[in-house]
Amino acid sequence: MITSFRRQHLSRQRGMGATIILFTIALIVLVGAALAYGSRGNSRAFSAESSKVFSSVLLKQSAEYRDAYNRYIFDGGIASSMTFDTTSGTGLFNSTKQYGIEQDPPVKAFVTPSLWLYNKNAVVTGIGTTTADSIVYVTGLAKEVCEQVNTQMYGVTTVPIETVLANAAALAGASPAILSPTFTGRATGCIQLVDATYAFYSTLAEN
């Protein structure tokens, strides 16, 4: 009788052990599902927050380029001779004068990654005269980042559609015009090009 009792007791223990294991597995599955769901929700929230961060970085970097350009001019530099590189004497980032530091825009802000570019032949509508202005710009941005730029600058998420510039190559052309019936006089901002890509620009010199 004692032997029989012990076998029955062990059988019950094994049954309870199996139940605990199954319960633990089920709990792990539920927790994993909850974490996955929460992760998806957090990624959406992070996307919105990251767009704000990326837009702030672009605005900060463009402002620092403008400061560097002003230092170049105050130091006696000739606007038409300035180069957006490290060339000795004329380069905005040359190691001797060190007017500014060349910076990389945040890679994750882009659909198609781009570096900072410079064009001294841009005509920004409503800024100065019809003489060409100098701008720094990036292309291929995510729409959300552009919306955040315009929100921070002008309080609206609208990204004006450019009716003249067909694509990034056109923005780099010899005489581009930043035009739109929905805005004028913006020295800094985001626009949508004709090919439905997005670009951020900021003036260095307004003529």
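Reply: The account below starts with the rings, then takes up the helix, the charged side chains and the sheet.

The model is predicted, so local features need pLDDT of at least 70 and side-chain atom pairs count only at pLDDT 80 or more, while totals for chains, interfaces and linings use all residues. Residues are numbered from 1 along each chain as its sequence is written, and side-chain values use heavy atoms, with hydrogens and water left out.

A pair of aromatic rings is described by the distance of the centres and the angle of the planes. Here, rings of Phe, Tyr and Trp (its six-membered ring) pair if their centres lie within 6.5 Å; planes under 30 degrees apart are stacked, over 60 edge-to-face, and the rest tilted. Across the whole structure, the search finds 8 aromatic pairs. One of them joins Tyr65 and Phe84 edge-to-face, with the centres 5.1 Å apart and 70 degrees between the planes. This pair links distant parts of the chain, 19 residues apart: Tyr65 belongs to helix H1 (residues 2–74), and Phe84 to the loop between H1 and strand S1 (117–124). Helices (H or I, at least four residues) and strands (E, at least two) are DSSP runs, numbered from the N terminus. Tyr65 and Phe84 are both buried, where buried means under 20% relative accessible area, exposed over 50%, and partly exposed in between (1.4 Å probe, protein chains only).

Tyr65 also pairs edge-to-face with Trp116, at 5.5 Å centre to centre and 85 degrees between the planes. Again distant parts of the chain are linked, since Trp116 is in the loop between H1 and S1, 51 residues from Tyr65 in helix H1. Trp116, like Tyr65, is buried. What do the ring pairs build together? They link Tyr65, Phe84, Phe93, Trp116, Tyr118 and Phe200 into a cluster.

Leaving aside residues up to four places away in sequence, Ser62 is in contact (heavy atoms within 4.5 Å) with Trp116, Val136, Phe200 and Ser202. Ser62 counts as buried because its relative accessibility is 3%. The Ser62 side chain reaches the backbone oxygen of Leu59 at 2.9 Å.

Arg66 is partly exposed because its relative accessible area is 29%, and Glu206 is partly exposed because its value is 38%. In a second salt bridge, the closest N and O atoms of Lys52 and Glu49 are 3.6 Å apart. Because Lys52 and Glu49 are 3 residues apart in helix H1, about one helical turn separates them. Lys52 is partly exposed at 38%, and Glu49 is partly exposed at 45% relative accessibility.

Where does the sheet leave strands with a single partner? Its 5 strands form an open sheet in the order S3-S1-S2-S5-S4, with mixed pairing. Strand S3 (177–178) and strand S4 (188–192) stand at the edges with a single partner strand each, so one side of each has no neighbour in the sheet. Two strands pair if DSSP finds at least two bridges between them. S1 and S3 are parallel over 2 bridges, and Val123 has Ala177 of S3 as its bridge partner. Strand S2 (residues 133–141) is largely enclosed by the rest of the structure, because 9 of its 9 residues are buried.

Terms used: Salt bridge = Lys/Arg side-chain N within 4 Å of Asp/Glu carboxyl O. Polar contact = N/O pair within 3.5 Å; in protein donor to acceptor, adjacent residues only side chain to side chain.
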